[in-house]
Every structure is written in C-alpha cells, then in structure tokens.
Amino acid sequence: MRTHPPGSLRPVEYEVKIGTASDNIKQTDKFTLSKEILVEKVHKVLGPVTKISVTIKRIGPHTIKKSRISLKKHTKTYTVIMEIWKKYLSCLNPQADSLSASFYKFTALVDLFLVC
Amino acid sequence: MPKKKFFFELLPPINEMVLDVIALAANKMNWLLFLGRLRGDFRDRKKEGIIPAPAEKDMIKLVAENFHRQNKKVVVILNIGNVIETASWSNQVDGIILAWQGGQEGGNAVADVITGKVNPSGKLPTTFPIDYHDIPSSKNFPVETFRGRRKLEWVGLSGTPSEVIYEEDIYIGYRFFDTFKVKDSLSFRLWASSTSFQIDQLSADTKQLNDKLLVRVRVTDTGKSSGKEVVQLYLTAPKGSINKPAQELKGFARAHLSEPKPGKVMLEMTVPVKT
C-alpha cells in the first residue's frame, strides 16, 4: 500500500471526478503536485489495539435509599415518587427492554404523573 | 386495539388487511403501494426491519402480478428514513419513489412527483446494499453483551453492559462500496430526473491551491423538459502511509435548468485545502 511517506517532496497525483453519484462518474481530471496537500494523521485513540474493558458500577437499592433521605415518609411528595417508581418497575421488562425503552418508559411515567 | 397501560406505550402493529387484489386490479386505476418503517431516535434498528417481511414481499408480488395482468402499473413508495432491502423485489414493480423524511408535507411532495408537477432531483444520503451482510458493520451489530453481567434493573438509564467494535474503520457507506467494488442495490440513477443531462468541460484550477481547489463543470439539459441535477465532486488522493477510500465526496452543486430554454449552466465548486 505504501508508496511514499506523507508530506514528502515526491510529486503526487490527484484525480478529480465529476458525476451524478459515486458510481456514476462522468468526467475525470488529474493534476500533479510537488507534495501531498491533504495531511492526515490517525490519532491513537481512533485505533484500538487492545480490547476495551468497561467497568460499570452497579447502582442498587443503597443509592436509591440515599436519594430518599430528604423525603419524609407518608408525605404527598414521597407517595407520588414511590408510586412512579413502583409503576416503572412493574412495566419494565428486563428481558426485552433496551436501554432506550427503559428510559422511554420512565420518562413517559413521569410525564403522566406530572399531567395528573 | 388493545387498551394502553400508560399514555406513551407503544402498541403492537395492526395486522395487515386482507386485500381483494383481483377486484382492485379490475378498476381503471394504477396501484401505489406504500412500504413504511418507523424512524426516530432512541433505539438501534433490527436486522428484521431492514429485510422486508415475507408478508410484505408476498403483498408486492400479489399486487404486481394481478395488476400487470391487467396491463396496469405498480409503483412502490418507500416511506422510510433508512435503508431497506430492495434487490429481491424491485424488478417486480414498475417504479420506486423514495419519500424519505418529508415531514408533514411529505404526502404533498410525493403527490407532486407522481402527478409530474415536480421533476425529482434528490440524492440518496446512504447506500442500499443488495444483501444485509454486504454492509461491513453487519459483522458487529447488534452489539455483543458481556456474558455474566447482570442487567441493571434498578436505574432507568441502564441496560446490559455491552461492547461494539467499529471494525469497518473509515469505510462507511459509499467509501466501502466504491473501494472494495461491492455492488449495491439501488443506484442513484433509479430516482433520476425525467429529463437527461450531459456533464462535460471539467477543469480543475490548481493555481490557488494553498487555499482552495476550484473546479468548474458545464451541465447541459439534453432532454425535453426542465429539471434539476446535483453534480457531485469526488477526489482520489494518492496512496500514502494510511488507508484511504477509493474516492471521497468533497463538494456538490445543483444545476437548475428551467423551461422554455433549459440550455446550459456552468457550475463552480471549491474544495478547501490545507497545505
């Protein structure tokens, strides 16, 4: 593949193509330059050489409990939030729902309660 | 229809109506057959959505056979916003109109094209493959979920941890099909204008190359009616130390040649360059 290093002073040839689609080229023209004009570099982050390891911390009931601290039990706000949460869990299908579907259901429920 | 559990619940699709195609074909009308797909954000497409279902293919075949028997035309209108497989059925119909994402005026736009009020000149923003597996990313989609990881059920914004490797590299869309000479299904020409154009007198001005590349081209309407044509400019760069596609789209310009004298027009396109 490699014919010359980029940016070298060796003459390079470009081809201009005109058409109505990439597979329907009508005319072509060539021009030669003293060096390559389009300088491109591949950043190391774009070329993974090792398998990417992803670690996701599980946010469980503990986190949920922490978020409840400011809410007094048996208040109206507490009841509404718990109602949304219970409803959300009841309509969630862990086997079939994608990430977006889960989010969609949650936002739909919040919207519904806000309207009510 | 089943009752919704909550306001935004997505209900299952309604079953197809039973068509009396033979009776319909006996009428004086030609047939417009709509093939649609849901489009939007928030979810990846499934392979099953790209390949028409057997019921859809059967419907196209049934309608085409019965209407052709009565010497009538069948046109499929693709009400889609992304690629679907067309190679297995496109030769059964007389025409295909791609409505794409026309919004609330989409219906009027399609009607204008069908009645001849507008001469279509749109271009596809993507390549339609012959086979689903011709798409390079088909090797890596849908994503591979990590085995042994639990689905995160407690949080709304969560799913099963998974990974996808973008193995196709820079060869996305036409860059892949052109570089590796993979034949595609629907060529851009299928939605061509009802008139014809000639493109010639290409000249590339390299005098001001430290700033831009100026390309001129002449477009002539050689047909009998007016129309628009989008001329595309591709550039093939010399092979260097990194992979490059066979050609890359660097610019485009639209030629509008109207009646009574469609005539000729010179188009100029500039490609910004960096030395």
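Predicted model: local features only at pLDDT ≥ 70, side-chain atom pairs only at ≥ 80, totals over all residues.
Let me begin with a pair of strands in chain B: β1(B) and strand β2 (residues 74-79) run parallel and are joined by six bridges. Strands here are DSSP runs of E with at least two residues, helices are runs of H or I with at least four, and both are numbered from the N terminus. Two strands count as paired if DSSP finds at least two bridges between them. Within this pair, B:L33 stands opposite B:V76 in β2(B).

Residues are numbered from 1 along each chain as its sequence is written, and chains are lettered from A and ligands numbered from 1 in the order in which they are written.

The pair belongs to an open sheet of three strands in chain B, with the order β1-β2-β3 and parallel pairing. β1 (31-36) and β3 (95-98) of chain B each have a single partner strand and stand at the edges, so one side of each has no neighbour in the sheet. On average, neighbouring strands of this sheet are turned by 25 degrees against each other, direction ignored. Across β1 and β2 of chain B lies helix α3 (residues 54-69), running at about 170 degrees to β1(B). For these angles, axes are lines fitted to C-alpha atoms, for helices over the stretch in contact, and the angle between N-to-C directions runs from 0 to 180 degrees.

The loop between α3 and β2 of chain B contains B:N71. Its phi is near 55 degrees, a positive value in a residue other than glycine. Is B:N71 buried or exposed? B:N71 is exposed, with 7 other C-beta atoms within 10 Å. The classes are buried for 20 or more other C-beta atoms within 10 Å, exposed for 12 or fewer, and partly exposed in between, with C-beta atoms placed from the backbone. B:D169, in the loop between β5 (162-163) and α5 (174-179) of chain B, also has a positive phi, near 60 degrees. B:D169 counts as partly exposed, with 14 C-beta neighbours inside 10 Å.

I turn to chain A, whose elements run β-β-α-α-α from the N terminus on. β1(A) and strand β2 (residues 24-33) of chain A are antiparallel and joined by nine bridges. They form a hairpin with two residues between them, and A:Y14 stands opposite A:F31 in β2(A). Buried residues make up 9% of the 116 residues in chain A; of the 275 residues of chain B, 19% count as buried.

Which residues touch the most other members of the largest nonpolar core? They are B:V215, B:V217, B:V219 and B:V231, in a core of 18 residues. The elements giving two or more residues to this core are β1 (12-21) of chain A together with β6 (197-205), β7 (212-221), β8 (227-236), β9 (248-257) and β10 (264-272) of chain B. A nonpolar core is a set of buried Ala, Val, Leu, Ile, Met, Phe, Trp, Tyr and Cys residues joined through C-beta atoms within 7 Å. Leaving aside residues up to four places away in sequence, B:V215 touches A:V16, B:A204, B:L233 and B:M269, where contact requires C-beta atoms, placed from the backbone, within 7 Å. Another core, of 14 residues, lies apart from it and includes B:A25, B:V63, B:V74 and B:V83.

Definitions and conventions: Contact = placed C-beta atoms within 7 Å.
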